[in-house]
Amino acid sequence: MEGELPAAPRGSSGPPAGDAGGDSPCALLPAEALALDGDEDDLEVFSKDASLMDMNSLSPTMPTSPLSMINQVKFEDEPDLKDLFITVDDPESHVTTVETFITYRVATQTSRGEFDSSEFEVRRRYQDFLWLKGKLEEAHPTLIIPPLPEKFVVKGMVERFNDDFIETRRRALNKFLNRIADHPTLTFSEDFKVFLTAQAGELSSHKKQGPGLLSKMGQTVRAMALSMRGVRSRPDEFTEMNDFIETFSQKINLIDKISQRIYKEEREYFDEMKEYGPIHALWSESEEDLADTLGGVASCLDRCCQATERRLCGLSEALLPVVHEYVLYSEMLMLTEEIGKLEDKVECANTALRADWERWKQNMRNDIKSAFADTAERNIHYYEQCLATWESFLTAQSDLYAKEPPEDQP
């Protein structure tokens with residue numbers, strides 16, 4: 001098996017074609033799930049710790065949209081082959097006397113020689129992902145660690161782990177691991193390897209071990225940064241970096257908020273449309289002279305309803321997750337200026353951050369372009385379908401009128 005995995009561009013995420021890839025059929029998010037305007041205090045977020053550790057909560061990867069030509073972009077510094085495929089799927093609910101939690105299957109295929117086998121399958125819960133993120137932040141304080149999905153706890157929700165919540169989190173966890181796998185440094189982390197390969201008991205034992213050399217070095221760098229908060233002089237490029245993030249954060253947060261509002265309103269429109277068509281169908285049963293017209297309207301509404309559902313799926317899969325992920329990125333990158341205060345004592349740390357920063361910006365721009373291009377293509381397809389549906393209705397009605405005899409004929 002080793003060495004026989006299919007080759008794919010480094011930038012692609014997910015497993016080889018034919019695998020689930022962690023992406024199951026679209027499940028529309030309920031409109032109320034995105035009504036965050038007045039309920040932001042009701043959310044418990046595990047991805048916003050105000051520490052230098054969280055400035056690392058980023059990592060880029062190439063865009064994954066299947067429709068956009070952006071996917072054809074290849075960077076010169078990207079390796080030609082992808083040798084690590086990771087899929088997060090098969091969520092399972094566990095109920096104990098103490099807690100209720102969800103575990104996910106993490107399936108790995110690899111041709112790397114440092115792994116004992118070419119295939120691994122383990123189960124992980126959200127806390128395990130948190131542990132991995134923390135270990136990467138400790139060992140690599142000047143790199144951009146990918147953010148984890150937020151942990152929502154909505155007040156008054158009876159069924160916390162509903163299907164929509166679980167599916168949304170599964171997709172985000174799948175992206176988190178694949179971003180790490182695509183990172184030129186993080187992908188070779190020993191903690192990452194343990195996370196992918198160790199069974200539950202082995203992982204628990206590994207968690208109990210003290211910090212290794214890299215973690216201790218990371219803690220030292222972080223302590224130095226925090227101790228130099230009063231230093232005024234720092235490279236101009238880090239000031240520019242912070243200015244960029246401040247502006248980016250404002251824009252991406254606004255886009256995220258408006259995108260969620262649009263999705264909420266269109267989901268409500270979709271729910272209304274589902275009831276609109278059947279009303280015309282029922283009406284046609286009692287109006288013999290209008291039966292064909294009303295039946296045609298009902299059929300058009302049904303087809304447009306199906307097209308709207310597919311469009312909503314596209315928004316929830318291709319646009320909303322990308323935008324919100326970069327909201328999390330922006331919140332954590334607001335602290336990158338601390339690294340700029342390390343000056344000559346940790347110039348190597350500055351160099352590492354510079355390289356990762358440029359890589360992140362390159363991939364952020366391609367991710368955003370890909371998401372918007374994908375959305376544009378889906379919108380065009382949606383409106384073309386609706387237009388064709390109603391044009392066929394008008395054509396049918398014209399033919400129907402042409403066949404009807406004039407009213408003055410016997």
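Trainee: At what angle do helix H2 and helix H7 pack?
Mentor: In this predicted model, H2 (residues 163–182) and H7 (residues 291–333) pack at an angle of about 60°, with axes 12 Å apart. Axes are lines fitted to C-alpha atoms over the stretch in contact, and angles run from 0 to 180 degrees between N-to-C directions. Helices are DSSP runs (H or I, at least four residues), and strands likewise (E, at least two), numbered from the N terminus.

Trainee: Which residues of H2 and H7 make the contact?
Mentor: Arg171, Lys175 and Arg179 of H2 meet Glu317, Val322, Glu325, Tyr326 and Tyr329 of H7, where contact means heavy atoms within 4.5 Å.

Trainee: And by class, how many are nonpolar, polar or charged?
Mentor: The contact of H2 with H7 has three nonpolar, no polar and five charged residues. Asp, Glu, Lys and Arg count as charged, Ala, Val, Leu, Ile, Met, Phe, Trp, Tyr, Cys and Pro as nonpolar, and the others, Gly among them, as polar.

Trainee: What about H6 and H7, at what angle do they pack?
Mentor: H6 (residues 236–286) packs against H7 at about 160°, with axes 8 Å apart. H6 is therefore roughly antiparallel to H7, a term for angles over 145 degrees. The contact of H6 with H7 divides into 26 nonpolar, 12 polar and seven charged residues.

Trainee: Changing topic, which residues touch the most other members of the largest nonpolar core?
Mentor: Of its 31 residues, these are Ile86, Val106, Phe129, Leu132, Leu177, Phe192 and Phe195. Such a core joins buried (under 20% relative accessible area, 1.4 Å probe, protein chains only) Ala, Val, Leu, Ile, Met, Phe, Trp, Tyr and Cys residues through side-chain atoms within 4.5 Å.

Trainee: Which element gives the most to this core?
Mentor: H2, with seven residues.

Definitions and conventions
Residues are numbered from 1 along each chain as its sequence is written. This is a predicted model: local features need pLDDT of at least 70, side-chain atom pairs count only at pLDDT 80 or more; totals for chains, interfaces and linings use all residues. Side-chain values use heavy atoms; hydrogens and water are left out. Buried means under 20% relative accessible area, exposed over 50%, partly exposed in between (1.4 Å probe, protein chains only). Angles under 35 degrees count as roughly parallel, over 145 as roughly antiparallel, 65 to 115 as roughly perpendicular and the rest as oblique.
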